[in-house]
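Hi there,

Here is the structure I promised to pass on to you. Please open it next to this email and follow along as you read.

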Amino acid sequence: MKVLVTGGTSGLGRAMASALAAAGSSVVLTGRSGARAESVAAGLPGAAGMEMDVRDESSVARAVDRAWSRLGGIDMLVNNAGIGMRTVNPRFMTEPQGFWEVPPDAFRAVTDTNLTGYFLVARETTPRMLAAGGGRIVNISINHSTMRRAGFVPYGPSRAGSEALSRVMAADLRGTGVTVNLLLPGGATVTGMLPPDVTPEGHGFLMPEVMGPPIVWLASDDAAGVHDERIVAAEFASWLRDRARRQ
């Protein structure tokens with residue numbers, strides 16, 4: 001598989017890029033800092049790092065073009081780049097604020113990254129996949145409870161929007177050879193999105209590596225034709241068993 005992972009320099013993105021590279025995929029990972037993306041990619045077998053600001057159409061177009069040329073095509077897009085509540089309220093877990101207290105520029109920054117960013121990267125990549133005869137898109141999501149949690153504007157709404165976007169993308173692309181699926185950790189995960197005043201120890205947080213097995217499977221032959229599914233990484237083994245029973 002030739003895979004483009006957005007937001008691949010840390011957290012879930014880095015864990016998925018690492019798992020895919022270890023499984024033999026050719027990976028391009030992106031970040032707002034090209035130097036950091038290159039540094040992270042240097043530690044992964046056969047990977048490359050590139051600058052991409054998912055909020056900016058021209059940056060997205062340049063990066064997708066470079067990634068397509070570097071890889072010789074893109075078989076899978078992992079839409080992962082995002083920012084969390086920490087950028088809006090550093091103490092969002094212990095001192096949540098009402099939506100009316102959120103500055104408009106902070107609302108726009110999160111929404112532009114988490115929702116518009118998914119749209120822009122998929123919009124740039126999908127026509128190339130259609131012309132090539134197929135491809136796979138995986139949009140990273142969160143638990144539904146987080147989307148409606150008090151004090152989680154704008155993060156919750158931005159992720160709810162990206163999940164709705166994913167469902168519409170799947171409907172638009174049904175039968176075209178380009179598949180769309182959702183993947184989420186299944187709980188709070190140890191990433192840079194956690195507030196500085198919360199320590200992971202004793203809270204039962206997931207580790208980012210939980211995303212490895214399902215993303216590698218989604219890039220495998222076994223996942224060919226899997227479309228419009230919502231896969232919870234923490235429940236992946238049971239999801240696979242249930243799927244096998246249904247077939």
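This is a predicted model: local features need pLDDT of at least 70, side-chain atom pairs count only at pLDDT 80 or more; totals for chains, interfaces and linings use all residues.

**Two helices side by side**

For α4 and α6 the angle is about 20 degrees, and the axes lie 8 Å apart. Angles under 35 degrees count as roughly parallel, and α4 and α6 are therefore roughly parallel to each other. The crossing of α4 past α6 is right-handed.

Which residues meet there? On the α4 side they include Val110, Leu115, Tyr118, Phe119 and Leu130, and on the α6 side they include Tyr155, Arg159, Leu165, Met169 and Leu173. Sorted by class, the contact has 10 nonpolar, six polar and one charged residues.

**More on α6**

Helix α6 is 19 residues in length and spans 27 Å from first C-alpha to last, close to the 27 Å expected at 1.5 Å a residue. Its buried residues include Tyr155, Arg159, Glu163, Leu165, Met169 and Leu173. Among the elements covering the buried residues of α6 are α4, β5 (135-140), α5 (144-147), β6 (178-184) and β7 (230-232). Just after this helix comes Gly175, with a positive phi of about 85 degrees.

**Helix α1**

Now go back to α1 (residues 11-22). This helix has 12 residues and reaches 17 Å between its first and last C-alpha atoms, close to the 16 Å expected. Leu12, Gly13, Ala15, Met16, Ala17, Ala19, Leu20 and Ala21 are its buried residues. What do they pack against? The partners are β1 (2-5), β2 (26-31), β4 (76-79), β5, β6 and α7 (212-218). After α1 comes Gly24, and its phi is positive too, near 105 degrees.

**A glycine in a loop**

Last, look for Gly7 in the loop between β1 and α1. Gly7 and Asn80 are 73 residues apart along the chain, yet their C-alpha atoms are separated by 5.6 Å. Setting aside neighbours within four places in sequence, Gly7 is in contact with Gly13, Arg14, Thr30, Asn80 and Ala81.

Best wishes

Note on methods
Residues are numbered from 1 along each chain as its sequence is written. Side-chain values use heavy atoms; hydrogens and water are left out. Axes are lines fitted to C-alpha atoms, for helices over the stretch in contact, and angles run from 0 to 180 degrees between N-to-C directions. Helices (H or I, at least four residues) and strands (E, at least two) are DSSP runs, numbered from the N terminus. Angles under 35 degrees count as roughly parallel, over 145 as roughly antiparallel, 65 to 115 as roughly perpendicular and the rest as oblique. A crossing is left-handed if the near helix is turned anticlockwise from the far one by less than a right angle, and right-handed if clockwise. Contact means heavy atoms within 4.5 Å. Ala, Val, Leu, Ile, Met, Phe, Trp, Tyr, Cys and Pro count as nonpolar, Asp, Glu, Lys and Arg as charged, and the others, Gly among them, as polar. The expected span of a helix is 1.5 Å times one less than its number of residues. Buried means under 20% relative accessible area, exposed over 50%, partly exposed in between (1.4 Å probe, protein chains only).
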